Amino acid sequence: MTAAPAALLPDAPSGWREECGVAGVLCRDRSLPAAPLVHLALYALQHRGQESAGIAAGDGDGVVLHRDLGLVAQVFPPAVLARLRGWLAVGHVRYATMGSATVANAQPIVVASPWGPLAVAHNGNLINAPALRRALEADGARFTSTSDTEVIAHLLARTAAASLEEAALRALPHLDGAFTVAALAGGTLLGFRDRHGIRPLLLGGGPGFWILASESCAFDQVGAVALGEVEPGEVLALTPAGPRTIGALPPARRAHCVFEYIYFARPDSTLYHRNVHQVRRRMGRQLAREHPAPADIVVPVPDSGTSAAMGYAEAAGLPLEVGLIKNRYVGRTFIQADAGARQAGVRIKLNPVREVVAGRRVVLVDDSIVRGTTSGRLVALLRQAGAREVHVRISSPPIRHPCFYGIDTSSRGELVAARLPVEEIRAAIGADSLGYLSQAGLVAALDLPPGDLCMACLDGRYPTRVPTEAEAGRHALEPQGHEAAPPAARASLTEVGA
């Protein structure tokens, strides 16, 4: 095989880095706790963020907050969960896309407000966070994190308004970028989205409660049913009597993130009336029609490539085989500081089944190639296991432009398809052939109007103004652009009436 040139495929985090997941619950019976329902919802949303987790619970007066670095199961032992009393709650799972991975940046973030402690959980990225923060600091706001979520919280708290609902309506036009927010103060629980609806936020109802969540799979976890989307630009209040629309921004073009369907969302979720698994399966069928391969078997990269590989195998008339086994008990490899540990991480996380691939021509199906490092290592693993040929098929078009809306790829130089043509990427990852799904094929598989999708990472057509990395990059709010945590990052992790 052709070795991957180090200059072309730097030893760096290789795949998409997930954004965040939010959930909010209001119980109609004020004697019932909301936090256990949010806790279950966060388990279902764990795939959206694995660096930290948190829940803020309220009883109409005070707020109890617990957040920490780690997975949901690690952050919320039973004794901690039992302390989160109150009939409404918001929760969050995080991967850092603005602000470093510290406890201070874990969410929800709680600040003082005229309506009592205000807790905010947020998915997305503001592209005007630095400017808003400077204005808020000039007005006297004191920040304890380097997250744009705290910018949203202080903006809500400092907006002249008689209620949280009114503050949200007045603050919303000042927020630019992608955001879905669940916020609580006093006896009010709100959900709102940016005017383009870039990140998802859905409404559900269960026996005795209302719920907001980033994906519908969270509803299944708590016994709720999906009732619809929080519309782009809408401010929705959950009340004991039911959900109530407070108001909305003037309509703008919808721009649902296409990678929610390609990669981020769980296959059992439904977004914009499309089941994610079925969409990915159609992508695989279309990919097989566009890029057939002289092969014996189809092997998915688990788990994100599985649905597309099923569709590819169906359309190509090839057997679908389990050729790579995923170790589900290891952490995320790209956060390893040591380069050698990162390289070993691919082998620890995915292992080939030699008896399946040896002597065979393999179609390897994955959802995307971001930086190229993982793809090259997987091709090498299959060859070492005896594969005669490895034909890589990708169920998305090439990613040539950075995302500024809650995915940690704000630098175009990180993206291998922005620097190399397809044939050179093929050579760099050591594949016998490489084929990407076309953008037209992607739109056909989604069966959505292309004007309703954000495909900026594919074609550079952004639904908002294009920010600089200083405005919307991961370190936009960090001191001198470094991953420095403020002193509060190592303060007590549980705050009562924060």
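Predicted model: local features only at pLDDT ≥ 70, side-chain atom pairs only at ≥ 80, totals over all residues.
Residues are numbered from 1 along each chain as its sequence is written. Local features need pLDDT of at least 70 and side-chain atom pairs count only at pLDDT 80 or more, while totals for chains, interfaces and linings use all residues; side-chain values use heavy atoms, leaving out hydrogens and water.

**Whole chain.** Start by colouring by secondary structure: you will find 18 helices and 24 strands (DSSP runs, H or I of at least four residues for helices, E of at least two for strands, numbered from the N terminus). Of the 498 residues, 61% are buried (under 20% relative accessible area, with a 1.4 Å probe and protein chains only). Among contacts (heavy atoms within 4.5 Å) with a separation of 6 or more, 72% join residues 24 or more positions apart.

**Select H154.** You are now in helix α5, residues 148–158. H154 counts as buried because its relative accessibility is 9%. Show its neighbours too: leaving aside residues up to four places away in sequence, H154 touches V111, L136, A141, R142 and F143.

At its N-terminal end, look for the cap: a side-chain oxygen of N275 lies 3.2 Å from the backbone nitrogen of H277. Finally, highlight the buried residues of α9: V276, V279, R280, M283, G284, Q286, L287 and A288.

Definitions and conventions: Buried < 20%, exposed > 50% of the residue type's maximum accessible area, 1.4 Å probe, protein only. Polar contact = N/O pair within 3.5 Å; in protein donor to acceptor, adjacent residues only side chain to side chain.
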